[in-house]
Amino acid sequence: MRILTGLQPSGKLHIGNYFGAMDPAVKLQDQGEAFYFIADYHAMTSMTDAATLKNNVQDLAIDFLACGLDPEKATIFRQSDIPEVNELAWILSTVCPMGLLQRCHSYKDKVDRGLDANHALFAYPALMAADILLYDANLVPVGKDQKQHLEVTRDLAGKINDKFGEGTVVMPEAQIKDSTAVVPGLDGQKMSKSYDNTIPLTGGKKAIRKQIMKIVTSSHEVVEAKPTDGSTVIALYKLFADETAVQTMIDEHGLSGEQGMGYGHFKQQLFDAYWEKFESVRAKREELENNLDYIQQVISKGAEKAREESSKVLERVKKAVGLR
Ligand code: ADP
Ligand code: TRP
C-alpha cells in the first residue's frame, strides 16, 4: 500500500494539522510505502513573500521530523523539487471540467476571504490531483476540509482511465478519521491558519497558555453549572485525555454553588494535557533547529527517491495519452 499526504508551508503548524494530517501520517508510515511532502507550490496561492516561504519550508520539514516522521521509513520531500508534478497537472487539466473546479468550496472560501482569484488558486485541485496520482498513492490521510479535493482527484483519475485505458493512473482513497476530522479553533470554528484561531503545535509556554485561555466559552459564572454540548474546551480536551479524564471534566461542568468550577480551571487542565503531549516534539524540534544541514540532506534525498517514482509514473501516463 502506498500512502501520501502533503501539508502547505503557509504558517506555523497547529494542533488541527497535527491531529488531522500529521499524526495519521506518522502512524501510517509503518503500514506501507509512505510519501509525505511540503506543498510549496500550493502555498504560493496564499503567500507572496519569498523569504517567508523559504523559511516556512524549512520549518515544516523540521516539524515533520519532530513529530516522528522517519526518513528511513517515509520519503519526505518538497513538491517543487519534482518538476513532473506540473507536467501531470497539465495532462489532468485537459480532462478537468471547469464546473468541477467552480464547485470547490475551498476556492470560493479563499476568494471570499480576500485571496487573489487567480488561475493557480482556481486550478489548485488539479495540481493536488497530480500530487496524488504521480506516486500511484492508494491512501491519502487528510482532514475533512480536503474531502472535496480528494473527490476531484478521484473524478479526474476516473476520466483519465476511461479515456486512455484502465490502469493509466491508480484510484486513490481519502482517509478521514471521524474523531479528528475537524479540530475546532479558539472561536469554535474549524481551526485554521487563515482564521487566526489556532493553538500552535510548538511555542513558548506563556504564549500558548495565553492562547488557550482565549478559547470562547459561555458566560456562566463559577457558581453556575455549565453547558457541555458544543464546548470547545471539552472537544479539544478529548484529543489529549483518556475517557475517564474527559468524563471527569464533563461531570465537573455540571457542578454548581460552592462546588462550581470556572472555565479557567478547565482551560488550565487542557493546557497541562497539551503541554505534556507535545513535550517530546518540542525537544526534538530544538535539536533539529541546530542541525539544519541534516534537514537539507533529508529533503534532497527525499527528492531523489520521489523522482524515481514520479518519472516512472509520468512516463506511463505520457505513453497512454500519446505524448510518447
Ligand atoms: P489550514 O486550514 O490551517 O491552512 P491546511 O489547509 O494547510 O491548514 O491543512 C493541512 C492539513 O491539516 C490538511 O490535511 C487538513 O485537512 C488538516 N487540517 C487543517 N485544519 C484542520 C482542522 N481544524 N482539523 C482537522 N484537520 C485539519
Ligand atoms: N491541499 C492540502 C491542504 O491545504 C495540501 C495538499 C496539497 C495535499 N497536495 C496534497 C494533501 C496532496 C494531500 C495530498 O492541506
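Which helix gives the most to the shell around ligand 1? In this predicted model, that helix is α1, spanning residues 15-28, which contributes 4 residues to the shell. The shell comprises 18 residues, of which His14, Gly143, Asp145, Val183 and Lys193 come nearest to ligand 1, and by class it divides into 7 nonpolar, 8 polar and 3 charged residues.

A backbone N or O atom of valine 183 lies 2.8 Å from a nitrogen atom of ligand 1, while a backbone N or O atom of glycine 16 lies 3.2 Å from a nitrogen atom of the ligand; from serine 192, a polar side-chain atom lies 2.9 Å from an oxygen atom of ligand 1. Taken alone, ligand 1 exposes 530 Å², and the protein buries 93% of that area.

Across the whole structure, a search finds 2 cavities of 30 Å³ or more. The largest cavity, with a volume of about 40 Å³, is lined by Cys104, Ser106, Tyr107, Lys110, Leu121, Tyr124, Pro125 and His149, and the elements that give two or more residues to this lining are α6 (105-112) and α7 (119-133). By class, the lining of the largest cavity has 5 nonpolar, 2 polar and 1 charged residues.

The second largest cavity holds about 30 Å³ of space, and its lining is formed by Phe37, Phe77, Gln79, Ile82, Val85, Asp131 and Tyr135, a set that divides into 5 nonpolar, 1 polar and 1 charged residues.

Key. Residues numbered from 1 in each chain as written. Chains lettered and ligands numbered in written order. Predicted model: local features only at pLDDT ≥ 70, side-chain atom pairs only at ≥ 80, totals over all residues. Heavy atoms only, no water. Near = heavy atom within 4 Å. Polar contact = N/O pair within 3.5 Å; in protein donor to acceptor, adjacent residues only side chain to side chain. Areas by Shrake-Rupley, 256 points an atom, 1.4 Å probe, with all protein chains shown as cover. Nonpolar A, V, L, I, M, F, W, Y, C, P; charged D, E, K, R; others polar. 1 Å grid on protein atoms, 1.4 Å probe; cavity = no way out; pocket = protein on both sides within 12 Å on 5 of 7 lines; lining within 4 Å. Points joined across faces, edges and corners; volume = space filled by probe spheres on them.
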